[in-house]
Amino acid sequence: EREVEGFGGHSARVSDLSRRLAVRLRLPAEDVEVAASAGLLHDVGMHLVVPPDAVGRPGALNVAEWEVIRAHPAASAMSVSPLRSAAAATTAIREHHERLDGSGYPLGKKGDDISAAGRVVAVADTYDALVHPRPHRPALTSERALETLTREAKDGRLDADAAEALPSVVPRERPVVRAVRLEDMAHDWIEDASSGGPKRRG
């Protein structure tokens, strides 16, 4: 994947999350594999049709750049279609930016016209994009990203079942622990000893 802020490892993470989400939703085994494959390959067209500077710089895209970006799902599907192992995933790859209300791209599909695997990958892709930084914005916390996806589902754009199941399968955020040097701990212990023990606070 391109060395662009936030994109490193994106496809692998989307594939893993798509698989776990599909399993959680109890989709048929075939759809689970399709979702995982589509998650891994959904952005290969980005590398083929989108200039690096269009995704790697801060600021808004111009009209021409946005049109190229919108073409990448179809380019991804077309590029993997000759591969027998990936052929079943081409529909979900093409659909990962479609939205249930028809506001997505490239085809503006609506509702049940979007495959189950395509809906899953759309949720996984959106979540991973939100929790990693991009050149034009910082990353969201997992909590804020989940709130955003819940809102998108309530507004009829993302699959409600997938959005509801997402919190149970996303990797948990590790608490931030301040690093403490042994020298600092020893210094504190010496100070406590010399003052008759640790001071009570409050």
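Colleague: What amount of space lies in the second largest cavity?

Modeller: About 40 Å³ lies in the second largest cavity, a volume being the space filled by probe spheres set on grid points joined across faces, edges and corners. By the way, this is a predicted model, where local features need pLDDT of at least 70, side-chain atom pairs count only at pLDDT 80 or more, and totals for chains, interfaces and linings use all residues. Residues are numbered from 1 along each chain as its sequence is written, and side-chain values use heavy atoms, without hydrogens and water.

Colleague: What makes a space a cavity and not a pocket?

Modeller: On a 1 Å grid over the protein atoms alone, a cavity is a set of points where a 1.4 Å probe fits but cannot get out, while a pocket is an open set with protein on both sides within 12 Å along at least five of seven lines; lining residues have an atom within 4 Å of a point. By this rule there are 2 cavities of 30 Å³ or more.

Colleague: And which residues of the second largest pocket lie nearest its centre?

Modeller: Y127, D128, V131, H132 and P171, out of 14 lining residues. That pocket has a volume of about 240 Å³. Helix α1 (10–24) gives the largest share of its lining, 4 residues; helices here are DSSP runs (H or I, at least four residues), numbered from the N terminus.

Colleague: Why are α1 and α2 called roughly antiparallel?

Modeller: Their axes cross at roughly 165° and come within 7 Å. Axes are lines fitted to C-alpha atoms, for helices over the stretch in contact, and angles run from 0 to 180 degrees between N-to-C directions. Angles under 35 degrees count as roughly parallel, over 145 as roughly antiparallel, 65 to 115 as roughly perpendicular and the rest as oblique. So α1 and α2 come out as roughly antiparallel.

Colleague: What makes α1 and α8 oblique, then?

Modeller: Their angle is about 135°, with the axes 9 Å apart. That value falls in "the rest", so α1 and α8 are oblique to each other.

Colleague: Which residues of α1 meet α8?

Modeller: H10, R13, V14, L17, S18, L21 and A22 do, and among their partners in α8 are V120, Y127 and D128; contact means heavy atoms within 4.5 Å.

Note on methods. Helices (H or I, at least four residues) and strands (E, at least two) are DSSP runs, numbered from the N terminus.
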